Amino acid sequence: MSLKNLGLAALLALAALPAAAQTQTIRIGVTPGPHAQILEAVKPIAAQKGLDLKIVEFSDYVVPNEALSSGELEANSFQHQPYLDNQKEARGYKIDTVAQTVNFPIGVYSKKHKAFDALPNGASVAIPNDPTNGGRALLLLQDKGLLKLKDGVGFKPTILDITANTKNLKFTEIDAAQAPRVLDDVDAAVINTNYATQAGLDPVKDALTRENPKGPYVNILAVRTADKDKPWVKALVESYHTPEVKKFVEEKFKGAVLTSW
């Protein structure tokens with residue numbers, strides 16, 4: 001082969017590798033459990049669109065937004081809109097929602113009682129200590145008839161907003177991730193689905209009661225405001241909102257996790 005033909009062959013070989021050259025690494029923060037598992041299902045689909053997803057797990061709800069804001073991540077997928085709104089208000093993050101993902105109806109769990117109605121007078125109940133998930137727990141208990149809250153409390157009521165407590169429930173506020181670990185010590189705990197499944201609980205079978213899945217608590221995919229219109233964001237959302245991912249969620253979680261698309 002002549003030098004000229006060798007040069008042409010080299011150029012053709014380079015031209016045949018555009019996908020590899022254009023692959024973009026996207027670090028996406030998640031909490032362990034369903035969020036991480038779902039993103040693993042998204043990963044091969046995103047790869048076909050030129051995205052190499054690096055899934056980074058965090059053990060709490062506070063760090064993923066800080067990591068996104070500081071540039072350690074390109075995206076995160078772990079929170080609902082009221083939680084992000086609260087974080088933005090408190091910390092000034094420039095983070096935007098680019099898609100809804102899945103819903104994890106929060107539930108009440110107990111190792112001591114078989115039914116929600118069996119919770120005794122004066123029962124000890126653990127609820128998350130962050131404003132939005134703690135408020136979500138109180139709203140669930142109000143919806144189920146055990147509490148009344150002040151009018152106009154929105155999505156972030158606290159125990160100070162309780163105006164009626166029919167069973168004189170005693171509340172303990174703890175980190176959301178620790179809720180499954182205190183089940184031996186309390187009558188009941190309000191636990192987020194991802195932490196329940198991570199602890200081996202079945203939200204469909206084990207929860208004494210769950211919130212209505214319709215509402216503001218659908219989880220979201222978030223990126224920095226400066227990135228929201230970039231092509232990789234559109235590709236990531238399209239990769240998530242696919243029939244393949246929907247099927248994975250339905251088959252894997254069997255009603256414990258609900259898709260938004």
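Six strands make up an open sheet of mixed pairing, in the order 2-1-3-12-4-13. Strands here are DSSP runs of E with at least two residues, helices are runs of H or I with at least four, and both are numbered from the N terminus; two strands pair if DSSP finds at least two bridges between them. Strand 2 (51-57) and strand 13 (258-259) are the edge strands, each pairing on one side only.

The model is predicted: local features need pLDDT of at least 70, side-chain atom pairs count only at pLDDT 80 or more, and totals for chains, interfaces and linings use all residues. Residues are numbered from 1 along each chain as its sequence is written, and side-chain values use heavy atoms, with hydrogens and water left out.

Strand 4 and strand 13 are antiparallel and share two bridges. Asparagine 103 belongs to strand 4 (residues 95-103), and its bridge partner in strand 13 is leucine 258. Asparagine 103 counts as buried because its relative accessibility is 4%; buried means under 20% relative accessible area, exposed over 50% and partly exposed in between, with a 1.4 Å probe and protein chains only. Beyond its neighbours within four places in sequence, asparagine 103 has contacts (heavy atoms within 4.5 Å) that include Arg136, Tyr217, Asn219 and Leu258.

Next come the spaces in the model. On a 1 Å grid over the protein atoms alone, a cavity is a set of points where a 1.4 Å probe fits but cannot get out, a pocket is an open set with protein on both sides within 12 Å along at least five of seven lines, and lining residues have an atom within 4 Å of a point. Grid points are joined across faces, edges and corners, and a volume is the space filled by probe spheres set on the points.

| Largest pocket | About 200 Å³ | Leu139, Leu140, Glu211, Asn212 and Tyr217 |

Helix 6 (residues 131-143) gives the most to the pocket lining, four residues, while strand 3 gives the most to the cavity lining, three residues.

The largest cavity is lined by residues of both domain 1 (24-105 + 216-259) and domain 2 (107-210), so it lies between them. Domain bounds come from an automatic or database domain assignment.
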